[in-house]
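Here are my notes on the model, as promised. Have the coordinates open while you read, and go through the points in order.

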Amino acid sequence: MPPVNDHPLRHRLTAELHARPFPVLKAPAMAAYLAIKHSPDDVARARAHDQLTALLDHYGAPRPDVGATHYFGALGNYTVKWEQHTEFVTYTVFQTGLSERAFDPAEFEVFPRHWLDGMAGVCMTSALIRILPRPADDARIMPELDNWLVAESIAVADVLDGSAVVASDFRIDPAGHLRFAVYASETTGPGRVGRIVQRLCEIETYKSMSLLGFAKTRELAGPLNTLDTQLNDLTGAMRSPDARTEETLHALLDVSVALEQQGARSAYRFAATGAYAALVAERIAVLREARFMGRQSFAEFMMRRYEPAMRTVKATEARLHAMSARAIRASELLRTQVDVERSAQNQAILASMDRRSDLQLRLQRTVEGLSVVAISYYAVSLVGYLLYPLAAHFEISKGLLTAAATLPVIGAVWLMLRRIKRHVE
C-alpha cells in the first residue's frame with residue numbers, strides 16, 4: 001500500500017519505459033524490416049492496429065491488446081516485433097538461420113502479398129538484415145560485402161568495442177529493399193546482437209523520415225524565391241517618391257500572408273525533421289564505431305551524404321522565418337508611413353475646418369448685426385405708430401419723434417438678442 005495516493009498514470013508511465021524490449025538474436029539469423037508511414041491521427045492509428053491484427057490472424061498468432069502501441073511475440077516459425085509511432089509503424093520479423101542466397105527477396109515473403117496490397121499508408125523503408133558469425137579472420141568480411149553491396153557506397157564499422165561488424169550501402173536493391181550485414185563476435189550475447197539490429201533499423205527509419213523535410217525544402221524553393229523577389233521589389237519601392245503607399249502596403253500584406261501560410265504548412269515537417277535527425281545522430285553515437293579495414297563508418301557516410309541535406313532543411317527553415325520577419329518589419333514601416341501621411345492629411349483637414357469655423361463665426365456675427373438693424377427698423381416703425389397720436393398733442397413732428405425713439409429701441413433690441421444668445425449658450 002503506497003504512503004500516498006498514486007497518480008492515475010503512474011503505473012502506465014512506468015511500464016512505458018519497459019514496453020519496447022530489444023529482440024534477442026543469435027547468429028546465424030535474418031530479419032525482415034518494414035516501416036509504414038501513415039497520417040498522425042487517431043483513425044490512421046486505429047487502422048494500423050487493425051493491420052497488425054490481420055497479419056497475426058494470418059499466422060494464427062495471439063491478437064494484440066486493444067489500443068496497444070507495441071507488440072512482441074511468435075508469428076509461426078518467426079518472431080515479430082511491432083511498434084507504433086506518431087506518424088509511422090514498424091514491423092520487424094526475425095528467424096533463426098540463413099538462406100543459401102544472401103539477401104534472398106523470398107525472405108520478405110513473410111509479409112503476405114495480399115496483406116501488403118491492403119496496407120493503409122506508404123512504405124518509407126524496408127530492409128533485409130543478415131546476421132552472421134564473425135569469422136576469425138576479418139579479411140574475409142570485405143570480399144563478401146563487396147559482393148553484396150555497392151562498393152562506392154559501403155559504410156562499415158566495428159561497433160560496441162568489437163562486439164560486431166555492421167555494414168550497409170543504404171541503397172535500394174533490385175527487390176526494393178535495403179541491405180544490412182551484421183557479423184556478431186563469438187563473445188557477443190544475444191541481447192547485444194538484438195540491440196545492434198534494432199539500432200540499425202532505427203537509423204534507417206529515422207533517416208528516411210527526416211529526409212521528408214529535405215523533400216519539403218525542394219518543394220518550397222520555387223515559391224520562396226518568388227516571394228523573396230516580390231519582397232525585395234516592394235521594399236525597394238518604398239523609397240521611391242512616386243510610390244503608392246496604400247497599394248504597396250496591401251502587396252506587402254499579401255506577401256506576409258503567403259509566407260505565414262508556407263510556414264504553417266511546413267512547421268510540423270521541419271520540427272519532425274530536426275527530431276529525427278537528432279535521433280539518427282544519437283543512434284549512431286551509441287554504436288561507438290571504430291574504423292574497420294580503412295572503410296568509411298556510418299558516421300562518416302552520414303556526414304558526407306546526409307548532414308548536407310539536414311543543413312539545407314535548417315537553412316530553409318531559417319530563411320522562411322527571416323523572410324517572414326522582413327515582411328512584417330517592412331509592413332510596419334510602411335504602415336507607420338501611411339499613419340504619418342494620414343496624420344498630415346487630418347491636420348490639414350482640421351486647419352481647413354478651423355478656417356471655415358472662423359468664417360462661419362464672422363458671418364454669424366455679421367448676420368447678428370444685420371439682425372439687430374432689421375429688427376430695430378421694424379421695431380422703430382411699430383413704436384412710431386404707437387407714439388404718433390402723442391405727436392399732435394405735444395406739437396412734435398413725427399420725424400423728431402421717430403428720431404427720439406430710434407436709439408432706445410435699438411438698445412432694447414440689442415439687449416434682448418444678447419440675452420437670448422446667452423440663454424442659448
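1. Arginine 288 comes out as partly exposed because its relative accessibility is 41%; buried here means under 20% relative accessible area, exposed over 50%, and partly exposed in between, with a 1.4 Å probe and protein chains only. Arginine 288 sits in the loop between H6 and strand E9 (290-291), just after H6. Its phi is near 50 degrees, a positive value in a residue other than glycine. Most residues other than glycine have a negative phi, and most peptide bonds are trans. Helices (H or I, at least four residues) and strands (E, at least two) are DSSP runs, numbered from the N terminus.

2. Before going further, some ground rules: this is a predicted model, local features need pLDDT of at least 70, side-chain atom pairs count only at pLDDT 80 or more, and totals for chains, interfaces and linings use all residues. Residues are numbered from 1 along each chain as its sequence is written, and side-chain values use heavy atoms, with hydrogens and water left out.

3. Two other backbone spots deserve a look. Phenylalanine 103 has a positive phi near 55 degrees, and this residue is not a glycine. You'll find phenylalanine 103 in the loop between E4 and helix H3 (113-117), and it counts as buried because its relative accessibility is 2%. The other spot is a cis peptide bond between alanine 27 and proline 28, with omega about 0 degrees. Proline 28 belongs to the loop between helix H1 (10-16) and E1.

4. How far does H6 reach from its first C-alpha to its last? Helix H6 (residues 245-286) has 42 residues and covers 58 Å, close to the 62 Å expected at 1.5 Å a residue. The expected span is 1.5 Å times one less than the number of residues. There is a bend of about 45 degrees in H6 at serine 266, where the bend is the angle between axes fitted to the seven residues ending there and the seven starting there.

5. H5 has 48 residues, so at 1.5 Å a residue it should span 70 Å; its end C-alpha atoms are 69 Å apart, which agrees. H5 also has a kink, of about 40 degrees, at alanine 221, shortly before proline 223.

6. How do H5 and H6 pack? Their axes are 8 Å apart, at an angle of about 160 degrees. Axes are lines fitted to C-alpha atoms, for helices over the stretch in contact, and angles run from 0 to 180 degrees between N-to-C directions. The crossing of H5 past H6 is left-handed, meaning that the near helix is turned anticlockwise from the far one by less than a right angle; clockwise would be right-handed.

7. On to charges. A salt bridge here is a side-chain nitrogen of Lys or Arg within 4 Å of a carboxyl oxygen of Asp or Glu, and the count comes to 20 salt bridges. Among them is lysine 37 with glutamate 87, with closest N and O atoms 3.9 Å apart. That pair links distant parts of the chain, 50 residues apart: lysine 37 is in strand E1 (residues 29-37), and glutamate 87 is in the loop between strand E3 (78-84) and strand E4 (88-96). Both lysine 37 and glutamate 87 are buried.

8. Lysine 81 and glutamate 83 also form a salt bridge, at 3.1 Å between the closest N and O atoms. Lysine 81 counts as buried because its relative accessible area is 4%, and glutamate 83 is buried too, at 7%.

9. In helix H5 (residues 190-237), lysine 207 and glutamate 204 are about one helical turn apart because they are separated by 3 residues. Their closest N and O atoms are 3.3 Å apart in a salt bridge, and both residues are buried. A separate item to check is the salt-bridge network that links Arg199, Glu202, Glu282 and Arg283.

10. Last, a contact across the sequence. Threonine 92 lies in strand E4 and is buried, with a relative accessible area of 3%. The C-alpha atoms of threonine 92 and glutamine 198 are 9.0 Å apart, although 106 residues separate the two along the chain.
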